[in-house]
Amino acid sequence: MNGPNDILKMALSYMEKTISPVTLSAWFDDAEVVTLSGDRLVIRASGQFKKEIIESRFLEPLSTAVAQLLGGPIQISVILGDETPVANTLIGLSFEDEYTFEHFIVGSSNKFAHAAAIAVANSPAENYNPLFIYGQSGLGKTHLLHAIGNVVHQNHPNFRIIYVKGEDFTNELVTAIQEGDVQSFRGKYRVTDLLLIDDIQFIAGKERTQEEFFHTFNALYESGKQLVLTSDRPPKEMNTLEDRMKTRFEWGLLADIQPPDFETRLAIINAKAMKLGFELPRDIMYQIAENLKSNVRQLEGTVKKIKAKHELNGEPITTEIVETVIEEVKSINPGLNPTPDIILQIVSNFYSIPIDQIHANKRSKDTVRPRQIAMYLIRKLTNNSLPEIGRYFGRDHTTVMHACDKIENERKRNPETDDIIRTLIDNIQNL
């Protein structure tokens, strides 16, 4: 089942059990599927007479046949050759003024990914398929996905476009399995013209999800449909992702996005201020750019808060006010500047072990492992020194050094450990 017109062909074959092939050919020989969106199928007939015959004689058996193929009820409508169907061909994607190519600030850290995204948007499935964009959170991957989807929709209004997060794709599949309706799930994803999946790394390690996505990928790729995927890491670093999936992700083009350099951060700050209708002094923009280095969302949030304080409270824009706003923005997303307490809480939740037990002097396997990982993450994600981390846990700095070396070496040898660390870092940074 590679596309909407394949579904029509298969449905007609199914109908041949009760209707002669000659009769079906007479009325459906030049019919084509215009859109398949959700539970609605739109067919284009070449003339008024054929339209009337299809609607009066064949709509019911056709609906039954398509429902059998897709695993759920379907509403079918027939239009003439010069009519335009009124249907929503966007699933999970909305036109957001912020998420356009015009509002994406290009710098050395994202220039390649931006150019690749524009190429795909202008010529889907012609050059880079799949397009795989990777980089840490808050750098613009989702922005590019939406920009691609919006341009494709403008250029090809009848294209069926789906945007979904990797975690939601998995959850949808679980629900479909529980409800015994996997066929409907397949029908949704395997007949789209453009599939945009954000954070595809969430399918790694989930066997059934990978199996379903493998076949979805093949169906779309073989029928010339475009796939765009984002992740926090390249395919080769997804240790619990099946090799056959890694290979397919690398068939097209890999494009990474790095944290913006100082000049790009300045451009982002200035562009956001201009969009909000006010001007920031050069020294204030420098102050923001020097203190927020790794996340575009934080830069934009800071500009918004400065404007709000300036206009709503009548406060002048001073370096002191900006310093306060920067700290407030950091606290809103503490995962990007985590404290030892935040990291320990995430580790505690992950292993379902109370924080006081991790701090305690117990040397059982259940507590030693989480404690070593917490030490490693605090060392990796904060500026705390080995002695400071040691004091935090009530231990000597050599104990911390041993823990950090042990976990780092395990990450290199054991893919499962590496995935656990990456998952914990994701959980921390996405607080």
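In this predicted model, helix H10 passes helix H11 in a right-handed crossing, where right-handed means that the near helix is turned clockwise from the far one by less than a right angle, and left-handed that the turn is anticlockwise. The protein has 19 helices and nine strands, these being DSSP runs (H or I of at least four residues for helices, E of at least two for strands) numbered from the N terminus. Because the model is predicted, local features need pLDDT of at least 70 and side-chain atom pairs count only at pLDDT 80 or more, whereas totals for chains, interfaces and linings use all residues. Residues are numbered from 1 along each chain as its sequence is written, and side-chain values use heavy atoms, with hydrogens and water left out.

**Overall picture**

- Taken along the principal axes, the C-alpha atoms of the protein fill a box of roughly 85 × 55 × 35 Å.
- Of the 431 residues, 49% count as buried, that is, under 20% relative accessible area with a 1.4 Å probe and protein chains only, as against exposed at over 50% and partly exposed in between.
- Among contacts with a separation of 6 or more, 74% come from residues 24 or more positions apart, a contact being heavy atoms within 4.5 Å.

- The axes of H10 (residues 262-275) and H11 (residues 282-291) come within 9 Å and cross at roughly 120°, with axes fitted to C-alpha atoms over the stretch in contact and angles running from 0 to 180 degrees between N-to-C directions.
- That angle makes H10 oblique to H11, since angles under 35 degrees count as roughly parallel, over 145 as roughly antiparallel, 65 to 115 as roughly perpendicular and the rest as oblique.
- On the H10 side the contact is made by Phe 262, Arg 265, Leu 266, Ile 269 and Asn 270, and on the H11 side by Arg 282, Met 285, Tyr 286, Ile 288, Ala 289 and Glu 290.
- These residues of the contact of H10 with H11 divide into seven nonpolar, one polar and three charged, where Ala, Val, Leu, Ile, Met, Phe, Trp, Tyr, Cys and Pro count as nonpolar, Asp, Glu, Lys and Arg as charged, and the others, Gly among them, as polar.
- Helix H16 (residues 365-381) and helix H17 (residues 386-393) have axes that come within 10 Å and cross at roughly 140°, which makes H16 oblique to H17, and their crossing is right-handed.
- Arg 371, Ala 374, Met 375, Ile 378 and Arg 379 of H16 make this contact with Leu 386, Ile 389, Tyr 392 and Phe 393 of H17, giving seven nonpolar, no polar and two charged residues.

**Aromatic pairs**

- The structure holds 16 aromatic pairs, in which ring centres of Phe, Tyr or Trp (its six-membered ring) lie within 6.5 Å, with planes under 30 degrees apart counted as stacked, over 60 as edge-to-face and the rest as tilted.
- The rings of Phe 217 and Phe 249 have centres 6.3 Å apart and planes at 55°, so this pair is tilted.
- Because Phe 217 lies in helix H8 (residues 207-222) and Phe 249 in helix H9 (residues 243-249), the pair ties together parts that are 32 residues apart in sequence, and both Phe 217 and Phe 249 are buried.
- Ring pairs link a cluster whose members include Phe 132, Phe 169, Tyr 189, Phe 217, Phe 249 and Trp 251.

**Tyr 189**

- Tyr 189 is found in helix H7 (residues 182-189) and, at 0% relative accessibility, counts as buried.
- Leaving aside neighbours within four places in sequence, Tyr 189 is in contact with Ile 162, Val 164, Phe 169, Glu 172, Leu 195, Thr 216 and Leu 220.
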